[in-house]
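I opened this model to look at helix packing and the nonpolar core. My notes follow.

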Amino acid sequence: MADNPYLDDLPDAVVVVDHQGCVTYANRATERLARTSREQLYQRPLDEVLPLRDGVGNAWWRCSARLRQLPGVRRIPVRDLQLVLGTRVVPVELAATFLRDERGRFLEALCVLRDDSARRRGEVTRAELISTLAHELRSPLTSVKGFTSTLLHRWERFPDDQKRFMLATVNDDADRVTRLINELLDVSRIEAGRLELRRRPVDLAKIAGDVVHRFALDPDGHTFAISFPPDFPEVYADADKVAQVLTNLVENAVKYSDGGKVAVSGEIVAGAAEITVRDEGMGIPSDQIPLVFTKFYRRGGRGAPSGTGLGLYIARGLVEAHGGRISVESELNRGTEVRFRLPLTGPGTASGD
């Protein structure tokens, strides 16, 4: 099988199949896709070495026989197929061109296979995101609709304290809906690489203090501690995004700890500002730690709270957009510690990157 440097440089698999259905050429991308050498593919039936199947399991090469016999058919529109390699199934997009002689007789097929795994995973993830947010939105919207309808039609029947309770509930649920929508927008921007930062020198200790103060106003059994050196330097960052990261981390610490202390501290490590949020909660199983910053991750177990599972994923995206990094250490029944580092200085101007 002769090498072709131009085809070998292509990212997609290119396979040439003769009129007998045997492989006469395969580029390097085909080797990567099939996880075998070109020598193992050469002069062997396509249906054996690269078995392409449609959604109901039919072999593409066999099913395309009628098209190969029609002189006017030269191109096959892109099709979604599955490349079945033993127990490994790879979703692929197939585009094929039939090469013919002057009489229109089929000579060989030039097939281009594109690994479609990433796109299909993205589609599944988007479907999961929509499903999760729809589920999370249903509860507050049902509450808002129920209370507003009740107040509109039966205003005079309720005493003032009940009206205040229902209006306060509507207000809280409206805030929850707003936050869910903002999470969806954040995820979309992070994945599209369109996250905008408005950097300026910011006081991390003050931001951390403001975040902790908001949580401390809720008497839920938690105590809070904040510790920053008196000479802690300013960081060149987007203040709103940093506040969002800290809010997500502190909220998680509160959510997954039944009372106890939540501590936020700062120090300078290796020329960067490092912020740590510690809790005394249930901890994270060691096998789940690699999943913590992925979309939809929620710690399981009895009594685990509900949520979208997007908070830490968004926090990671915001930290990495600043050129920083985030990590987690945890031990079951001993609590969790999340650290993130931000560079002290950065490129750009105060108005944006």
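**Helix pair and core**

I began with the handedness: H10 passes H11 in a left-handed crossing. The model is a predicted one.

Next I listed the residues that make the contact. H10 contributes Lys-241, Gln-244, Val-245, Asn-248, Leu-249 and Asn-252. From H11 I noted Gly-311, Leu-312, Ile-314, Ala-315, Leu-318 and Val-319. I then sorted this contact of H10 with H11 by class: seven residues are nonpolar, four are polar and one is charged.

The axes of H10 and H11 come within 9 Å and cross at roughly 150 degrees. Angles over 145 degrees count as roughly antiparallel, so H10 is roughly antiparallel to H11.

Leaving aside neighbours within four places in sequence, I found Leu-249 in contact with Val-277, Leu-312, Ala-315, Ile-326, Val-338 and Phe-340.

Which members of the largest nonpolar core touch the most other members? I found Leu-204, Leu-246, Leu-249, Val-264 and Phe-340, out of 43 residues. I checked which elements supply at least two residues of this core; among them are helix H9 (204–216), helix H10 (239–255), strand S10 (260–269), helix H11 (311–321) and strand S13 (335–343). H10 gives the largest share of this core, eight residues.

Methods:
Residues numbered from 1 in each chain as written. Predicted model: local features only at pLDDT ≥ 70, side-chain atom pairs only at ≥ 80, totals over all residues. Heavy atoms only, no water. Core = buried A, V, L, I, M, F, W, Y, C linked by side-chain atoms within 4.5 Å. Buried < 20%, exposed > 50% of the residue type's maximum accessible area, 1.4 Å probe, protein only. Helix = DSSP H or I, 4+ residues; strand = E, 2+ residues; numbered from the N terminus. Contact = heavy atoms within 4.5 Å. Axes fitted to C-alpha atoms, helices over the stretch in contact; angles between N-to-C directions. Parallel < 35°, antiparallel > 145°, perpendicular 65-115°, else oblique. Left-handed = near helix turned anticlockwise from the far one by under 90°. Nonpolar A, V, L, I, M, F, W, Y, C, P; charged D, E, K, R; others polar.
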